[in-house]
Amino acid sequence: MNKPKFIINRIGAQDRMPTVDTYLTNTILDDISYRILKSTDYDVEWREYRIVGRMIKLIDGNDIHYIALSANGELTARNSQLQSVPTALSQYLAEQKNSKDGKNRKFYFYFLPQHGNNQTDYLKFMYRLMVTTGVIFLNREFGLPHFTPLAFSSVKDLIRSRNDLRSRNSGNKSTYVTDEGTCYHIYGKTFGANQKETSLFCISISAITDKPVKLYQIIDNDSEKISDNDVEAIKIYSTNNSKYSFEIMDDTLEFDDGDSDTVKDKLRSPKFIYNLLSKFDGEKKCVLCGCKIEEVVQAAHIYPIASIRKRSDLTFDRKFELATDGDNGIWLCENHHKLFDRGLIWFEEGKICISDELEDENIVFVKQITTIDTIEPQYINDKMLAYFDLRTGTIPRLAV
Ligand SMILES: [Zn+2]
């Protein structure tokens, strides 16, 4: 019987990076081998290729162990610790799916020695995403001595935790997940570290979802799509782990936001929802009654799409900018949204006004359901006020 063997690509992932043998010492390989095989008797095959996804393999008879390594040394960028995990996971999933060799494959994460805070709230959240996807931490007590990441039990649990993180302002704001009643929507960016976050979200959500999921890709730095490998990984993972469909929306400019008679409409873009989520800290909540029932809370344009479309003085790009600007929107529940669209309520300086066209008893009703009569001041800005002016047809006091 052959000895277990590490297969390691020796060249750094990028030119400026050190070769892998400079930091992957025998002590570390012993430790990895012992933790997986309870033995330190192994061979190492160093290959003259670039390491991908910071991942090495340990082959033992019929078992192939995939080990994604953490960053080592100084922790710098917010995400550097975990950025390579989705890449490693995609490779593992693709090999698991495509190999016909009958071998058992397992995926692990291993902490290399590092300095700096690897337990920021943001990273803790990301570790939980990893555990949710089924990643095994080989040396958790070494890498995270004071924190045991637990898998998210449901998508609601994940959304709640993500919103908590955001309200403490300790994460970035690149990915949003909303509950649409019959399905979940993920709004994720498509470039660099943001793309990797999007992929990890998708993979872990597909592990726990109780409804179909749609990913809306939000164009980021001219990168229109997440990478083919990541798409492949999401597809494989959701096919294996979920009985619900996972749709990756290709055309980012065609979108039904539930606010339109015409389903396909270039000016109705998921980017508007993304920007609105971003402006309101990821939370869908009616600004006039605080209703948070995701199924009935809708994104309302202040300066309506129909009016923007009619503006012959504007280029399409400019129209698109106005139509997707987070400042040109508020969250409203279905009641308040309809009242707003029919012109039965409107805003002056952020404060609600009720039309006297309504019968007295209906005015009383609107007052009853309006528990918040002014948009919270932290959300009001000059641009938003200008959109309100444009809506009412007055000449905007402020340029947009
Ligand atoms: Zn409301």
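Strands S6 (residues 104–110) and S8 run parallel and are joined by two bridges. Within this pair, Phe 109 stands opposite Phe 137 in S8. The model is predicted. Both strands belong to an open sheet of six strands.

**The open sheet**
- The strand order is S2-S1-S3-S4-S6-S8, and the pairing is mixed.
- Strand S2 (43–50) and strand S8 (136–137) stand at the edges; each has a single partner strand, so one side of each is left without a neighbour in the sheet.
- Strands of a sheet pair through backbone hydrogen bonds, either parallel or antiparallel.

**Helix H2 on the sheet**
- Helix H2 (residues 85–98) lies across three of these strands, namely S3 (55–60), S4 (63–69) and S6, and runs at about 170° to S6.
- From its first C-alpha to its last, the 14 residues of H2 reach 20 Å, close to the 20 Å expected at 1.5 Å a residue.
- The buried residues of H2 are Val 85, Pro 86, Thr 87, Ala 88, Leu 89, Ser 90, Gln 91, Tyr 92 and Leu 93.
- These buried residues pack against strands S3, S4 and S6, and also against helix H3 (121–133), helix H6 (192–208) and helix H7 (228–241).

**The hairpin of S15 and S16**
- Strand S15 (residues 345–348) and strand S16 (residues 351–354) run antiparallel, with four bridges joining them.
- Ile 345 stands opposite Ile 354 in S16.
- Two residues lie between the strands of this hairpin, and Glu 349 takes a positive phi near 50°.

How values were computed. Residues numbered from 1 in each chain as written. Predicted model: local features only at pLDDT ≥ 70, side-chain atom pairs only at ≥ 80, totals over all residues. Pairing = 2+ DSSP bridges. Contact = placed C-beta atoms within 7 Å. Axes fitted to C-alpha atoms, helices over the stretch in contact; angles between N-to-C directions. Expected span 1.5 Å × (residues − 1). Buried ≥ 20, exposed ≤ 12 C-beta atoms within 10 Å, placed from the backbone.
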